[in-house]
Structure formats: structure tokens, C-alpha cells
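Open the structure in your viewer and keep the selection tool at hand. The tour goes from one selection to the next.

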Amino acid sequence: MYIKLLLKSNSIFKNLSDDEIDMIAPYISSANITKDQTIFSEGDVGDALYIITNGIIKIFKKIDATKEKTLSQLKSGDCFGEMALIDDNVRSASAKSMINGTLLILTKDGFVKL
């Protein structure tokens, strides 16, 4: 039930019917993340969409070995990585947790099965 409520409150899923949410929910997993944990790195193969249930995620690009450019900071309720579900490109940026938190995850395999 908790996952369904979170999906319905997310901008990507909010216009779906309850029946459609019921179809998606079994394909959603949850993961605890820790501060400074890398979610994915620029150049990785994209394989999932992430929804932040609590926490802060920094999306960034490496400029060189010691510098990075923050593209955005995302908070609870935001999602990221959605393009991985519809294309076969590599990640264009990196994502790292700024604090301990929790993510919902929809893998590309799950999306394809839907």
C-alpha cells in the first residue's frame, strides 16, 4: 500500500489509474542508501528509474579528477534516471546520496515486462 501511495504522488505516475498503479507496484523495489553512496556513475549503462522516498540526491558531472559540476539536487518525491527505461544510452551524469535515505526502483527489465 505504501508503494502505491508514493507512486500516485509522483509526477510520472500521478495520472495513472489505481488499476495501472496496481500493475506497476509489484515491479517496484526499495533500497536503503547511505550518505555519499554512488547510485550510478556517468558512463554506466542505464538500467533503472529511481524515486526518492526520503533523502537528497545530487546529480553531477565530473569536470576533471578533482572537480565536479552539480546539475541538480533532488529531494523526497523526485525521480531520476527515467530515460534509462526508454533508451539504451549510457548515463549522462552521476548520482550520489547526500544523506541516508530510501529509494524506490523500477528496473528496465520490470518496465519491459509491463
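In which loop does Arg-91 lie? Select Arg-91: the loop is the one between β6 (79–80) and β7 (94–97); strands are DSSP runs (E, at least two residues), numbered from the N terminus. This is a predicted model, where local features need pLDDT of at least 70 and side-chain atom pairs count only at pLDDT 80 or more, while totals for chains, interfaces and linings use all residues. Residues are numbered from 1 along each chain as its sequence is written, and side-chain values use heavy atoms, with hydrogens and water left out.

Arg-91 has 8% relative accessibility, so Arg-91 counts as buried (under 20% relative accessible area; exposed is over 50%, partly exposed in between; 1.4 Å probe, protein chains only). Not counting residues up to four places away in sequence, Arg-91 touches, among others, Phe-40, Glu-42, Asp-44, Asp-47 and Tyr-50 (contact means heavy atoms within 4.5 Å).

Next, select Ile-39, Tyr-50, Ile-57, Ile-59, Phe-80, Ala-95 and Leu-103, the residues with the most contacts inside the largest nonpolar core, which has 14 residues. Such a core is a set of buried Ala, Val, Leu, Ile, Met, Phe, Trp, Tyr and Cys residues joined through side-chain atoms within 4.5 Å. β3 (48–54) is one of the strands supplying at least two of its residues, and β3 gives the most, with three. Another core, of 12 residues, lies apart from it and includes Ile-24, Ile-28, Ile-51 and Leu-85.

Return to Phe-80, which touches residues including Ile-39, Leu-74 and Leu-103, not counting residues up to four places away in sequence.

Terms used. Helix = DSSP H or I, 4+ residues; strand = E, 2+ residues; numbered from the N terminus.
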